[in-house]
Amino acid sequence: MATAYAGASSMTAAVLGPRLPRTKCSTSSSSSLPYLPPRPATHSFSTSFLHVSENRRFPSLQTRASSDETSGSVEVGEVFTDLKEKWDALENKSTVLLYGGGAIVAVWLSSIVVGAINSVPLLPKIMELVGLGYTGWFVYRYLLFKSSRKELASDIEALKKKIAGSE
């Protein structure tokens, strides 16, 4: 039996390679990994990099504070007063709330429908092909030639006028 064990251990050594010498810190388990001392603590950035001035690191992002009113910033109070004026000018506030709520519900329902379509195995690929086909047709019909681009621009302008109510 001892010869069988010695033969097995020599086969293991032949397959796994020679054993590494054990050190004092190894545990009682028979691990073939050597003891590695802990790594010295090193900083990932050198201190000279951390002390680089902001002006040298980001020269294009320098700004100056001024008391001029020429800046394009809009105050929050102005936005709220404009919204309040527009809300007060509306005649049918309930209609606006109904349309806004309907739009939110429509977006929610459309996300549910898209999720359901994506769960069907072959349907998303078919929908992709339909989208690519429609995109190709749209490019050929409206964007490829100059006369058709002018026609598309006039159609968009007519639709804008129809929506704004100026037609």
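Biologist: Which helix holds Ile126 in this predicted model?

Modeller: Ile126 lies in helix H6.

Biologist: What makes Ile126 count as partly exposed?

Modeller: Its relative accessible area. Ile126 has 40% relative accessibility. Buried means under 20%, and exposed means over 50%. The value for Ile126 falls in between, so Ile126 is partly exposed.

Biologist: Which residues form the nonpolar surface patch with Ile126?

Modeller: Val120, Leu122, Leu123, Met127 and Val130 form the patch with Ile126. Together the patch residues have about 510 Å² of accessible area. Patch members need over 30% relative accessible area. Ile126 has 40%, so Ile126 passes that cut-off.

Biologist: Where does the UniProt record place the annotation "transmembrane region"?

Modeller: The unreviewed UniProt entry puts it on residues 96-120 and 126-144. In the model, residues 96-120 are 96% helix and 0% strand. The end C-alpha atoms of that stretch are 37 Å apart. Residues 126-144 are 95% helix and 0% strand, with end C-alpha atoms 26 Å apart.

Biologist: Why are Glu151 and Arg141 called a salt bridge?

Modeller: Their side chains meet at 3.1 Å, N to O. The limit is within 4 Å, so the pair qualifies. The pair links distant parts of the chain. Glu151 sits in helix H7 (residues 146-164), and Arg141 sits in helix H6 (residues 123-143). The two are ten residues apart.

Biologist: Are Glu151 and Arg141 buried, exposed or partly exposed, and what decides that?

Modeller: Glu151 has 31% relative accessibility and counts as partly exposed. Arg141 is partly exposed too, with a relative accessible area of 31%.

Biologist: How many salt bridges are there by this rule?

Modeller: The count comes to three. One of them joins Lys160 and Glu157, at 3.5 Å, N to O. Lys160 and Glu157 are three residues apart in helix H7, separated by about one helical turn. An α-helix has 3.6 residues a turn, so residues three or four places apart point the same way. Glu157 is partly exposed, with a relative accessible area of 39%.

Biologist: What makes Asp88 and Lys84 a salt bridge?

Modeller: Their closest N and O atoms are 3.5 Å apart. That is within 4 Å, so the pair meets the rule. Both residues lie in helix H4 (residues 76-89), four residues apart, about one turn of the helix.

Biologist: Why does Lys84 count as exposed, while Asp88 is partly exposed?

Modeller: The cut-off for exposed is over 50%. Lys84 is at 55%, so Lys84 counts as exposed. Asp88 is at 46%, so Asp88 is partly exposed.

Biologist: How do you know that H4 is hardly covered?

Modeller: The count of buried residues among its 14 residues is zero.

Biologist: How do you know that the span of H4 agrees with what it should be?

Modeller: At 1.5 Å a residue, the 14 residues of H4 should span 20 Å. The end C-alpha atoms of H4 are 20 Å apart, so the two agree.

Biologist: Why is Ser148 called buried?

Modeller: Ser148 has a relative accessible area of 6%. Buried means under 20%, so Ser148 is buried. Ser148 lies in helix H7. A polar atom of its side chain lies 3.4 Å from the backbone oxygen of Tyr142.

Biologist: Is Ala153 buried or partly exposed?

Modeller: Ala153 counts as partly exposed, at 40% relative accessibility. Ala153 lies in helix H7. Ala153 and Tyr142 are eleven residues apart in sequence and 9.4 Å apart in space, C-alpha to C-alpha.

How values were computed
Residues numbered from 1 in each chain as written. Predicted model: local features only at pLDDT ≥ 70, side-chain atom pairs only at ≥ 80, totals over all residues. Heavy atoms only, no water. UniProt positions renumbered as here; feature names shortened; annotations may be inferred. Buried < 20%, exposed > 50% of the residue type's maximum accessible area, 1.4 Å probe, protein only. Expected span 1.5 Å × (residues − 1). Patch = residues over 30% accessible without salt bridge, like charges linked within 9 Å, V, L, I, M, F, W, Y side chains within 5 Å. Areas by Shrake-Rupley, 256 points an atom, 1.4 Å probe, with all protein chains shown as cover. Polar contact = N/O pair within 3.5 Å; in protein donor to acceptor, adjacent residues only side chain to side chain.
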